[in-house]
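Here is my note on the model you passed along. Please read the points with the structure open.

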Amino acid sequence: MWRRAGVVAAGCVVVLAAAAGVVLERRGELPWADAEAAHGFTLVTPEPGPSPSWSAAPTVLAAPASAGAAGEPPVAEVLAPALGATGLGGRVGVSVVDLSTGAGVYESAGADPHTPASTLKILTGAAVLQALGPDHTFTTRVVSGPDPAAVTLVGGGDPTLTAGDEGPGTRLAELAASTAAALTDAGVGSVTLTYDASLFTGPAVDPDWSPGYVPAVVSPTTALAVDILDRPADPPLDAAEEFAALLVAQGITVDGDPVAATAPADGTELASVASAPLASIVEDVLTTSDNDGAEVLARHVAIAAGAPATSADAGPAVLQALTELGLDASGATLLDGSGLARGSAVPATLLTQTLALAAGPDHPELRAVVTGLPVAAFTGTLADRFGESAAAGLVRAKTGTLTGVSSLAGVVVAADGVGYAFAVLADDVGNTLSARAALDDVAAALAACGCA
């Protein structure tokens, strides 16, 4: 997983992706600039593997040169043409917040709950960071019982577990190698394998999802899954079969097929492998709009709250975590962690207040909620948007799309040097492409705003 940050260097934006540099001209400063960068800039560079630790930047937003006076023209006037686009449909909730003060500068039906689609992942990310902390890791273990030749693969709810040996993720092969070494040291060369995914409870398929979502856009949510984006029909069994093959490659014989079982409470741990820090996982979930990862994280929020790790408990637990951060989540209803459930409803103001909290100085543990947002025209779900816009590289935002629903929520430092959080939720959309273009126009207008 990549650690992401912004870049400000002599009035230019510098983005490094896969070792290729891109330079864009711009005005002002980026909303994800590191105020303490050594030479006036911070480079965005992919790391070769999971980072061992995570340190919060002191701030995401550099202080504007001037707080400015009352805007001319006002934000409402600047945004009016884009917000009036017919492509946004008949129901639109809008909120814009000044990040330096936390005060709302524009709102239209912002307190009314709207279907958020994937912008809901902003709330899930903030909640899990609040509940577990940015340095938290998820552990996958192998234990043996009284019979040292009977081993169990125990899922710890790591959404990044992979059987591959390239790219990001927690290596199942590393766990297999450590397990094989422990077995060999114990004089065991042949084992039976069971698997335990009991950390999460309740239905693996959220009953609030539309039929057909599994496996097209999301997998069953379980505590044990490998390469979940491959959409296996039975993720825990698939993970156990992959692990069995890796054990065989290490010289350990696996007798029979893996079967589901509960790990012995007093079992001996043979080996374990930990994920990258939670902050990195949240970043990746937001950048790629990973439905599976978001659902797993929401279940972890439920566990942290002392609730059952079901989809029914995950949404309320996320709202509870946001409330504990001092946010007003009373108008929201969350039926899942990814935004796929159409019955979820969120006020635009909750999204902007969450973003403002994550960008501000008081909760550095939430910083990944901002640094994980895709960069317009460059990364994640915004890589193919804003390409012809002057706002390319200047807007950082989470997208959201369902049939009839289009949304965009993020942060930007406008041309006048004022940082804004914004959210636009449209849930009566007739044409997705028209709505998307209108949303991009709203964000671009805010980026060009000379309102202070």
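Between which domains does the largest cavity lie?

1. **Cavity position.** This is a predicted model. The largest cavity lies between domain 1 (75-134 + 280-448) and domain 2 (139-276), because both give residues to its lining. Domain 1 comes in two segments, 75-134 and 280-448. Please check the lining from both sides.

2. **Cavity count and volume.** How many cavities of 30 Å³ or more does the structure hold? One. The space in the largest cavity is about 120 Å³. Its lining has 17 residues, and Pro159, Thr222, Ala225, Ile228 and Val296 are the closest to the centre.

3. **Cavity lining.** Helix H7 (residues 291-304) supplies the largest share of the lining, with three residues.

4. **Strand E6 and its partner E13.** Strand E6 (residues 139-144) runs antiparallel to strand E13 (residues 268-274), and six bridges join the two. Within this pairing, Val143 sits opposite Glu269 of E13.

5. **Strand E6 and its partner E7.** E6 also pairs with strand E7 (residues 150-154), again in the antiparallel sense, over four bridges. The two strands make a hairpin, and five residues lie between them. Arg141 faces Val154 of E7, and Ser144 faces Val151 of E7.

6. **Strand E7 and its partner E10.** In which sense do E7 and strand E10 (residues 190-196) pair, parallel or antiparallel? They pair in the parallel sense, over five bridges. Leu153 stands opposite Tyr195 of E10. Is E7 mostly covered or mostly open? It is mostly covered, with four of its five residues buried. As background, side chains in a regular strand alternate between the two faces of the sheet.

7. **The E3-E4 hairpin.** Strand E3 (residues 92-98) and strand E4 (residues 104-108) are antiparallel and share four bridges. Val94 has Ser108 of E4 as its bridge partner. Five residues separate the strands of this hairpin, and Gly102 there has a positive phi near 80°.

8. **Disulfide.** How many disulfides does a search of the whole structure find? The answer is one. The disulfide joins Cys449 to Cys451, with an S to S distance of 1.6 Å. What is the handedness of the disulfide of Cys449 and Cys451? The torsion about the S-S bond is about -120°, so the disulfide is left-handed. Cys449 and Cys451 are both buried. Please list the S to S value and the torsion together in the text.

9. Ala80 belongs to helix H1 (residues 75-83). Is Ala80 buried or partly exposed? Its relative accessibility is 41%, so it counts as partly exposed. Buried would need a value under 20%, and exposed one over 50%. Ala445 lies 365 residues away from Ala80 along the chain, yet the C-alpha atoms of the two are separated by 9.4 Å.

10. **A cis peptide bond.** Which peptide bond is cis, with omega near 5°? The bond from Val214 to Pro215 is. Pro215 is part of helix H4 (residues 213-216). For context, most peptide bonds are trans.

11. Most residues other than glycine have a negative phi. Two residues deserve a look here. Arg231 is not a glycine, yet its phi is positive, about 60°. Arg231 sits in the loop between H4 and helix H5 (235-249). Phe386 also has a positive phi, near 70°. The place of Phe386 is the loop between helix H10 (368-371) and strand E15 (396-402). Is Phe386 buried or exposed? Phe386 counts as buried, because its relative accessibility is 5% and the cut-off for buried is under 20%.

Note on methods. Residues are numbered from 1 along each chain as its sequence is written. Side-chain values use heavy atoms; hydrogens and water are left out. On a 1 Å grid over the protein atoms alone, a cavity is a set of points where a 1.4 Å probe fits but cannot get out, and a pocket is an open set with protein on both sides within 12 Å along at least five of seven lines; lining residues have an atom within 4 Å of a point. Grid points are joined across faces, edges and corners, and a volume is the space filled by probe spheres set on the points. Domain bounds come from an automatic or database domain assignment. Two strands pair if DSSP finds at least two bridges between them. A disulfide is a pair of cysteine sulfur atoms within 2.5 Å. Buried means under 20% relative accessible area, exposed over 50%, partly exposed in between (1.4 Å probe, protein chains only).
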